[in-house]
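Student: I am new to this model. Please pick one part, look at it closely with me, and then show how it connects to its surroundings.

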Protein chains: 2
Amino acid sequence: MNDYKKILSECAEKIQPFIHRTPVLTSNYLNKLSGAEVYFKCENFQKMGAFKMRGAMHAILNLSDDQKSKGVVTHSSGNMAQAVALGAQLLNIPAYIVMPENAPQVKKDAVKGYGGKITEVFPTIGDRQDAADEISNRLGAAFLHPSNDFNVILGQGTAAKELLEDYPDLNVVMTPVGGGGLLAGTSMAVQAFGKSCITIGGEPSNVDDAFRSMKSGRIEINEKANTIADGLRTHLGDINFPIIQKNVERIILVDEDEIIAALRLIWERMKIIIEPSCAVPFAALLKEKESFRGKKVGIIITGGNVDLGKLPF
Amino acid sequence: MNDYKKILSECAEKIQPFIHRTPVLTSNYLNKLSGAEVYFKCENFQKMGAFKMRGAMHAILNLSDDQKSKGVVTHSSGNMAQAVALGAQLLNIPAYIVMPENAPQVKKDAVKGYGGKITEVFPTIGDRQDAADEISNRLGAAFLHPSNDFNVILGQGTAAKELLEDYPDLNVVMTPVGGGGLLAGTSMAVQAFGKSCITIGGEPSNVDDAFRSMKSGRIEINEKANTIADGLRTHLGDINFPIIQKNVERIILVDEDEIIAALRLIWERMKIIIEPSCAVPFAALLKEKESFRGKKVGIIITGGNVDLGKLPF
């Protein structure tokens, strides 16, 4: 536990000049509705619009000078692409971003806006990884994994660290679970900085791989990935899974209509734009209301990069 | 000017227990894009989701005990309905809200949620006023006008007062102009608390009555009210117009596509939900970029109550 405290504090200090300390918002209406006291840590207001900035920045800062000079590479259609591009831009090093050719133009434009060099590939995970490997081999660029990288995990954990500094008495911290980096990092921060606080994950029933992994004790994968929470379609990795097994209390599953209802509630009542993925933990809280009654619950709002042309309302 | 300072300070003190001091947000991206330093005063995070809470609260608090016991009445399909209902609820007095029968169900539900007693009428301004007058005569309830009431005007001015307390060096404060209550109150606060600061209004070209009123020196009305900025379809009143004439530098007109583009920029980049009306001043700033270059500009974001099922994107 003390180890967690030390390494998370070092990480937070290192990335601090490059990230925003995001605000924590509350809503009387949502508190009444849920019966809990809910504290939303708004990473949708983070640089490039998502918590991924924290992990990407930390991983890039931990590269050697020689590695930095050769740049970084990742494959992503989403927030990791923007986070790596912006993080590299802030340090003035090259970023090679492999994106599926069918990624939304607005995301490609954002990556270009941050100076990322885009390689477009066929939209399969195999093609994406092959292209990233090729760039890494040819140019010596360091490959950054969005969730299964210890430095990325630590970076993601700094959001919960800040939240617990602001509200030390939280009983629960909740995050969505996709690749597992945020949930693992958050659980470390909760162990390090919480007082009798637990970590709970929220996951769409349609991609319940992490829920099943917790039961079976091995990394399960999804046969299908049919969820509106597009950030949560991936599965756990061998670095974050043991951390999650050790520190996370449980994972709550929610259905698509519950995610959309929670999303709409947060948009309408809090007047903030959040991604569908971030509505998952709040949907989980509403689903199991009784077990959270009277508790102080922190929720990491993971990001706000949504395609306004494709809303589910 | 000293008079303004005194009456606005008294108003602010009176309503303070009943309203939120809303945050001021900034965006590096929008600053770069506009060439100005822009400070957004986020009244979309105000109670019931709009600045109207300030004016309604102040008007209600200024009623005599006898008046209060008989309650208040207004007619509105929008934010004034919710503001009066919530303000009355906080003081435990009755609120009678006349709403057009075609008002969105979500707005009727919000008014009911705040304990307002709704009377539905045919959606003409005549029918609305007749019904409000009838309730006022029969029950002795005090009629509250949304914009042409001096106590309402003062209440709306407290948003700019807070903004200038946080950022005393603003060169310009901008608001949209509809009925004129917010623009009048803001211009008073700018005179009272700004240092060589001016007030500018933004108005849709399609409902340019205030712009024309400033030219002609008398209250002009709109023949048509075809704008997405549904809060700005009304015209000025005889109480707020002289204040606006005296204190407002000028009004900038913007077209519908400029409003929608500015709205989308703020949603996408700032991750906050704002009403189309609030995008009008920022659209005006972008339209006349050159004249704002390097200036510190405060913009009152008026509210965040939008129908998510009817977005212009």
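Tutor: Happy to! Let us begin with a definition: copies are superposed by least squares on the C-alpha atoms of residues with pLDDT of at least 70 in both. Please keep in mind that this is a predicted model.

With that in hand, look at how the chains are arranged. Chain A is superposed on chain B by a rotation of 180°, with 0.0 Å of shift along the axis and an RMSD of 0.0 Å. The two copies are therefore related as by a two-fold rotation axis. Both copies use the same surface, since 100% of the contact residues of chain A recur in chain B. To find the axis in the picture, look for Ile272(A): among the residues of chain A, its C-alpha comes closest to the rotation axis, at 2.2 Å.

Around the contact itself, chain A contributes 14 residues and chain B contributes 14 residues. On the side of chain A that touches chain B, seven of these residues are nonpolar, four are polar and three are charged.

Now for our close look, inside chain B. In general, strands of a sheet pair through backbone hydrogen bonds, in a parallel or an antiparallel way. Follow β4(B), residues 95-100: five bridges join this strand to β5(B), and the two run parallel.

Let us finish with a helix pair in chain A. Helix α5(A), residues 79-90, packs against helix α6(A), residues 105-113, at an angle of about 15° with the axes 8 Å apart. The two are therefore roughly parallel to each other. The crossing of α5(A) past α6(A) is left-handed. Where they meet, Ala81(A), Gln82(A) and Ala85(A) come from α5(A), while Lys107(A), Ala110(A) and Val111(A) come from α6(A). By class, this contact has four nonpolar, one polar and one charged residues.

Technical notes. Residues numbered from 1 in each chain as written. Chains lettered and ligands numbered in written order. Predicted model: local features only at pLDDT ≥ 70, side-chain atom pairs only at ≥ 80, totals over all residues. Contact = placed C-beta atoms within 7 Å. Nonpolar A, V, L, I, M, F, W, Y, C, P; charged D, E, K, R; others polar. Axes fitted to C-alpha atoms, helices over the stretch in contact; angles between N-to-C directions. Helix = DSSP H or I, 4+ residues; strand = E, 2+ residues; numbered from the N terminus. Parallel < 35°, antiparallel > 145°, perpendicular 65-115°, else oblique. Left-handed = near helix turned anticlockwise from the far one by under 90°. Pairing = 2+ DSSP bridges.
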